[in-house]
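This report looks at how two chains meet, then at features inside each chain. Have the structure open while reading.

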Amino acid sequence: MKLVFKNIEKDGSGSIALIPEESEDMWHAYNLIAEGDSVTASTVRKVQIESSTGSSSSNRVRTTLTISVETIDFDTQACVLRLKGRNIVENQYVKMGAYHTLDLELNRKFALHKPLWDSVALERVEMACDPAASADVAAVVMQEGLAHVCLITPSMTLVRSKIDVNIPRKRKGFVQQHEKGLNKFYDAVMQGILRHIDFSIVKCVILASPGFVKDQFFDYMIQQAIKTDNKLLLENKSKFLLVKASSGFKHSLKEVLQEPSVLNKISDTKAASEVKLLESFYTMLQLEPAKAFYGKKHIERANEAMAIETLMISDKLFRCQDIQKRKEYVSIVDSSRENGSDVRIFSSMHVSGEQLDQLTGIAAILRFPMPELEDSDGDDSDAESD
Amino acid sequence: MARHRNVRNRNYSDDYDYDDVYGHSVEEDSCLSPSDTAQWMYDRSRNQQAISNFLDNHNDIQEEAEELPEPSVRTLDRRESMDLRGLNLNEEDEAKLMSCLDELRNVLGDTIPENILVQSVLTHKFNYNKALDEILNNKSKDEGKCKPQPAIQVPTVLIEPIKAPILTTGDKTPKVIATKIEPNKVAVIKGFKIEDENIKSCPQTPRDQSPANRERTPSRLEQADENKVIIKIKENKSDPNTQFLNERGSDKDHLYIVVIGHVDAGKSTLMGRILCELGEVSQRTLHKYEQESKKIGKQSFMYAWVLDETGEERVRGITMDVGRAQFETKTKKVIILDAPGHADFIPNMITGAGQADVALLVVDATRGEFESGFELGGQTREHALLVRSLGVNQLAVAVNKLDTTNWSQERFDEITKKLKAFLKQAGFKDSDVTFVPCSGLTGENLVKNSTEPELLKWYSGPSLLEVIDKFNVPQRLVSKPLRLSINDIFKGTGSGFCVAGRIENGVINKGDKVLVCPTKEMAEVRSLSINDLVSNVAFAGDQVSVTLSGVEMQNVSIGYILSDPIQQVPVTSRFEARLVVFNVKVPITKGFPVLIHHQSLVESANIIKIKALLNKSTGEVLKKKPRCLGNNSVAVVDIEVCRPICIERYKDVKELGRVMLRVAGVTIAAGLVTDIFTT
């Protein structure tokens, strides 16, 4: 993302213009734009013109519109952001108050005006504009009959393709059916890799599975590559990294990202550090339950006591519709930061973020045990369960 | 991929639309698979439309039929007319025939195909009594073909004990009708459609007389007759127990036994050896294995190769998928399921253990080996816990490789003592656990009592085979509605495809209609085989492979349930369970992503709510909404599965009410389903 200009008043209102450059920037934009903000961007609109004689003709015009955002849609697979709202700036073609849906496009400037730019939003802009942070890793988690081809970017884990094939079991005299099914499965995974992984961007490809599936698959793939003379695979053979995972389901990515050999290769991605942090939270919960808490009420009280050492919060909470709630969460982040605690905003697109989302979206490791929190009953957990 | 297709909401009538197009031949739909084609051909003949509409000579026939004095049901009309068309009868004869047929049907129900009825009526010149006699006599001749109809005044010939095989048109009908009760079933839609058409037209084709039509025709008649339906269903229900007795009463009991234990404890070798000693493996094969294993320098694996068949398994020298074999003891027919011991293949082991009645735990008595298998994270522990949680309560422990310790009693006692304490904790009763010293490789104390003097000094108990023979066979719930969990799908030799699995409840007959859940598609059972032997009927507890028709192979996947179409298995994505937490590294919290193992199904799931922490022994609520669950706790939680699955309350169907939760390759908890939320 490129920052074009930034005008922020003392009271926190103001506008920022950005140019998204890659699909991940759309994710950042999705996290920045909230309902009630106004967005200016160039767009195409079908305009009907009525001539003096009464005949009407319609044609498409490109124009720049400013809308006050009412609904925000994000397609995680295609990384397309769609904003719907009313036009608020007079325009040659579009009446005031007319509805329009903006599709944010790559490499086209958009300006975002917010009534209040809080610290979380500003941090997001900074992060989005940091050019060093892009390091793409592809991962294939698989088990016999099931595979997920995923792309791990700094702030997103995208499942590019899911392969789910029935493999007949071995049975007396029918071993070849099992092997045939297995080969068919490997072939499908290989096609998935070729189709969805761009080797010019990806730093490494992780193959993870329980047992010997990964080795068998890797052998099969290389054999096939030699057979069909697939230069792409052969040249990038060194990019493949084989690690152990417990299953072919998506959340076993968490185990993969904790593997030391993987960490070496992708040390700068956010995903791995988030996994590690969440893991340490769970370890703390096991060893010293009075030092690890989750849920908004508990965190707020711990924050009042300035007890938070590391705060984990999912970015989903900042996307919530309710402005008041967002403010509350922002204030927790701000005040705990003031108190010198480490605040990590998890991306809800990563596996660890998904888990944190389920865990009320907010959790913290404390500096000192607060057993009194534990005793106060968790009546609040119901309200936060969704 | 295929699994994602939302088949449940599919409007079946759409699929049949093209049947309504005149002159549309099935051959034109080139995309159909052979199994489908078979079905469509069959259906088309039911929608007797094609050429018949172009023949105008039977319009008046239809009218005749409608004017019949018989107050018989509407649906009958066209059935009558259809058979008559080809016969070129005059109006008077036709009316006679009509009334004869109705009388016959009143007596016979729908067990006899219509054209036979017509035939006999005609041969006896519309003499109803004679015709009836002839039909009944014929019927009693080909015995077992038809089931008696209760509640009708039938000659005594018919009332005889119901014997399998009862797979006939007659037997089939109740199932078809059953679908009528569930309003959204395939057959019903078809049926109604036809009835509508009846009123308007009376299309006929020669196909009506084709054998394919016979089975369906009576069923249509029956749909109109609710009373009969109920009688029939009831009769069908009381049936299975007697059927089971007839079929299996004289046979040896089937016992499914899963062989578990730490990797390299010698499970496959032990089983291979038993099979060899019992003569289930031919000398030639064994010799071949011996030669081949020698060639790659792993001669000790020769017995294991009996069960480890894939090249991969042999090269690596470990079992990867459940191996299967059978032998007979004095009183039982034993089917062994040889589970893999390697930690990576526990999902396979769970599949195997889910099908078993009893378990054989193999431990390696070699110094150090037993300990490594038994310590935390060893498979001896995990497997024993798993099989217990999967409902196995009888266990034999084979203390294997005791020859390496020179049959030392001390070692045996040491292992026994350690295991006893652990197994008790895991929930096995002392009386249900038997310890047997043995050696798989040398074959000591397996089939025959040992001759080893060192062992005889202190051991005089039974051999392993005797222990297996002494296991109690659990009761088979044959009278409950059918539940068959699929654990394998493969292409059979003939048409259609096969699914293999274990029948948890109920009976399955050849020709039955079954519902494939959770997609809720109807399928028909083409054939059945138990342990590679073709059979006409299979009962709860059996491991069967079923050839299905009527569904696409890619629409069925492992973990699906074949269910009774009336009493369906619940399908849900959210349920409440009582969990027993094992040793966990990190506590379980809300939102914990887990893998759920349910029968052969593995699916990712989330714990979405922790409702209460319970006292382990009394079940009292210790704390409501605890923050997390630690080691060895018992709790009530809500679990949400990514995709809808078939699941039952534990109190309804035990086997389908158990779930295992695993994370990162470790079993963290076992659960019993206490409530199912409809989503």
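How many residues of chain A are in contact with chain B, and how many of chain B with chain A? In this predicted model, 44 residues of chain A touch 59 residues of chain B.

**The interface**

The size of an interface is often given as the accessible area lost when the parts come together. Here the area buried between chain A and chain B is about 4400 Å². Carbon and sulfur atoms give 50% of that area. On the chain A side, R169(A), K170(A) and F212(A) lose the most area to chain B. Together these three residues account for 18% of what that side buries.

The rule finds 2 salt bridges across the interface of chain A and chain B. K244(A) and D344(B) meet through their side chains in a salt bridge, at 2.6 Å from N to O.

Which elements of chain A supply at least two residues each to the side that touches chain B? They are β10 (156-164), α3 (175-196), α6 (253-258), α8 (270-287), β13 (292-294), α11 (351-358) and α13 (381-384). The largest share, 5 residues, comes from α8(A). By class, this side of chain A has 13 nonpolar, 18 polar and 13 charged residues.

**A helix pair in chain A**

Two packed helices are described by the angle between their axes and the distance between the axes. In chain A, the axes of α2 (residues 119-128) and α10 (residues 323-338) come within 9 Å. They cross at roughly 75 degrees. That angle falls between 65 and 115 degrees, so α2(A) is roughly perpendicular to α10(A). From α2(A), the contact uses S119(A), V120(A), A121(A) and E123(A). From α10(A), it uses R326(A), V330(A), V333(A), D334(A) and R337(A). These contact residues divide into 4 nonpolar, 1 polar and 4 charged.

**Salt bridges**

Over all chains, the count comes to 36 salt bridges.

What does the pair D364(B) and K401(B) tie together? D364(B) lies in strand β4 (residues 358-364) of chain B. K401(B) lies in the loop between β5 (395-400) and α18 (409-426) of chain B. The pair therefore ties together parts that are 37 residues apart in sequence.

Definitions and conventions:
Residues are numbered from 1 along each chain as its sequence is written. Chains are lettered from A and ligands numbered from 1 in the order in which they are written. This is a predicted model: local features need pLDDT of at least 70, side-chain atom pairs count only at pLDDT 80 or more; totals for chains, interfaces and linings use all residues. Side-chain values use heavy atoms; hydrogens and water are left out. Contact means heavy atoms within 4.5 Å. Buried area is the accessible area (1.4 Å probe) that two parts lose on being put together, summed over both. A salt bridge is a side-chain nitrogen of Lys or Arg within 4 Å of a carboxyl oxygen of Asp or Glu. Helices (H or I, at least four residues) and strands (E, at least two) are DSSP runs, numbered from the N terminus. Ala, Val, Leu, Ile, Met, Phe, Trp, Tyr, Cys and Pro count as nonpolar, Asp, Glu, Lys and Arg as charged, and the others, Gly among them, as polar. Axes are lines fitted to C-alpha atoms, for helices over the stretch in contact, and angles run from 0 to 180 degrees between N-to-C directions. Angles under 35 degrees count as roughly parallel, over 145 as roughly antiparallel, 65 to 115 as roughly perpendicular and the rest as oblique.
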